[in-house]
Amino acid sequence: MRDDLAQLVEALGADSMRWVGGCVRDTLLDIEPHDIDCATTHRPGTIIDKCRAAGIRTVPTGIDHGTITAILDGGPVEVTTLRRDVSTDGRRATVAFADDWREDAARRDFTINALYAHPETLELDDYFGGLADLAARRVRFIGDARERIREDHLRILRYFRFQARFGDALDEEAVAACEDLAATLKGLSRERVAMELLAILSLPDPVATVQLMEKLGVLGVVLPEARRNEIVCLIALVASEAAQGHAPEGIRRLAALIPPIPTIAEAVAARLRLSKAQRARLVCAAERKPADVDAPRALAYREGADCAIDRLLLSGASTEALAGWEIPELPLKGGEIVARGVGAGPEVARILRAVETRWIGEEFPDRDRVEELLSEELVRREDPSA
């Protein structure tokens, strides 16, 4: 792990903390961890005091639930006091601080996420068979799967995300619980659903997982627009991305899972509470049409590179014309048209649009050709028959 973490270990004391969760799991799988989390016996106020004494800045990101973010040179680390659940309602939990590592592990979702590593000895604490599940590539809930899901309904989607990343054979109890409790996803905030759904779709190849979600009735709850035809579209998109070397994009794949109708895209974006940028990209992808493939660079000029690539890939077309191509700027300003004797106003805008349309149609020629196009448009203005 990162060299700067030693500063945090010294501040909190090695025996009072453990690396936990994804960073331990990923390290065991030889995957570079992105997020570093640690659990500690210290209470939030003590965490802040000890970090301050060591010159480490902290942010109380989730202090009510015992989480403090320590800001280190290599990036943030979430430090959370050991906890136990007092009550849960499927959407949020009321917690109490604890002093027992196993009690903290018992409230986590999957066995492979409940591995704790001593920061100095690297000795592992595995209370629920997570190491064996990791070796078997098995994603398994801690304890009773239905109970874990009733505590937090989002764990249904988290199961499918982790199954897609780390799973091999399906855990029958987990699958049955997700199917039986799929309807509980309706009670979650749309932002949480969108976050997990996009995380699933952003994985290298989520097709098998999405098909399983559809079969079990989970996909129909969170995205009823996604039917068999849309899943076929997703399959084709993932194949096209891989063949052309494009990285996965969650919004692009979400566009594959809804009919290509802008009003539907607008409704889905509103329901999932997508950001303004995500909504715009989803709607633009839904506006795709067969003519897109005829002029990829014109499409990119009008809609932007991201949307153009999305629409081409969704249409099964090549994006080669856009590889390494920078979208140009029309080398003509309205003031130049005024200088040629056209009074300022709508007529200048009309001529500018006419030149731009021809410039795009000729695949963006240089400045000299633009001046010729302008001269031709000015002649037409004086003599429409010319």
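Which residues touch the most other members of the largest nonpolar core? In this predicted model, Leu8, Trp19, Phe160, Leu254 and Leu282 hold that position in a core of 90 residues. A nonpolar core is here a set of buried Ala, Val, Leu, Ile, Met, Phe, Trp, Tyr and Cys residues joined through side-chain atoms within 4.5 Å. Buried denotes under 20% relative accessible area, exposed over 50% and partly exposed in between, with a 1.4 Å probe and protein chains only. Residues are numbered from 1 along each chain as its sequence is written. Because the model is predicted, local features need pLDDT of at least 70 and side-chain atom pairs count only at pLDDT 80 or more, whereas totals for chains, interfaces and linings use all residues; side-chain values rest on heavy atoms, with hydrogens and water left out.

Leu282 is in contact (heavy atoms within 4.5 Å) with Ile251, Leu254, Ala255, Ile258, Ala265, Val268, Ala269 and Leu274, when residues up to four places away in sequence are not counted. Another core, of 16 residues, lies apart from the largest one and includes Ala298, Tyr301, Leu330 and Ile337. In soluble globular proteins, nonpolar side chains tend to be buried together.

The protein chain contains 20 helices and nine strands. These elements are DSSP runs numbered from the N terminus, helices being H or I with at least four residues and strands E with at least two. The radius of gyration of the chain is 27 Å, well over the 21 Å that the globule rule gives for 386 residues, so the chain is more spread out than a compact globule. That radius is taken over C-alpha atoms, and the globule rule is 2.2 Å times the number of residues to the power 0.38. Along the principal axes, the C-alpha atoms fill a box of roughly 90 × 50 × 35 Å. Buried residues account for 47% of the 386 residues. Of the contacts between residues at least 6 apart in sequence, 61% join residues at least 24 apart.

Seven strands form an open sheet with mixed pairing, in the order β3-β4-β5-β2-β1-β8-β9. Strands are taken to pair if DSSP finds at least two bridges between them. From one strand to the next, the twist averages 30 degrees. Helix α1 (residues 5-12) packs on the sheet and touches β1, β2, β4 (67-72) and β5 (75-81); its direction makes about 145 degrees with that of β1. For these angles, axes are lines fitted to C-alpha atoms, for helices over the stretch in contact, and values run from 0 to 180 degrees between N-to-C directions.

Within the sheet, β1 (residues 17-20) runs antiparallel to β2 (residues 36-40), to which three bridges join it. Arg18 has Ala39 as its bridge partner in β2, and Trp19 has Cys38. β1 also pairs with β8 (residues 115-117), in the antiparallel sense over two bridges. Met17 and Trp19 point one way from β1, Arg18 and Val20 point the other way, and all are buried. Val20, with 2% relative accessibility, stands opposite Tyr116 in β8. Leaving aside neighbours within four places in sequence, Val20 contacts Asp37, Cys38, Ala39, Arg108, Asn113, Leu115 and Tyr116. The C-alpha atoms of Val20 and Pro119 are separated by 10.0 Å, although these residues are 99 residues apart along the chain.

β2 and β5 pair in the parallel sense over five bridges, and Ala39 has Thr80 as its bridge partner in β5. β4 and β5 run antiparallel and are joined by six bridges, forming a hairpin with two residues between the strands. The bridge partner of Leu72 in β5 is Gly75. β5 is mostly covered, five of its seven residues being buried.

In helix α8 (residues 172-180), the residues Ala174, Val175, Ala177 and Cys178 are buried. Viewed down the axis of α8, its buried residues fall within an arc of 165 degrees, so they line one face of the helix. The arc is that of the directions from the helix axis to the C-beta atoms. The buried residues of α8 pack against α6 (145-151), α7 (155-166), α10 (207-216) and α11 (218-222).
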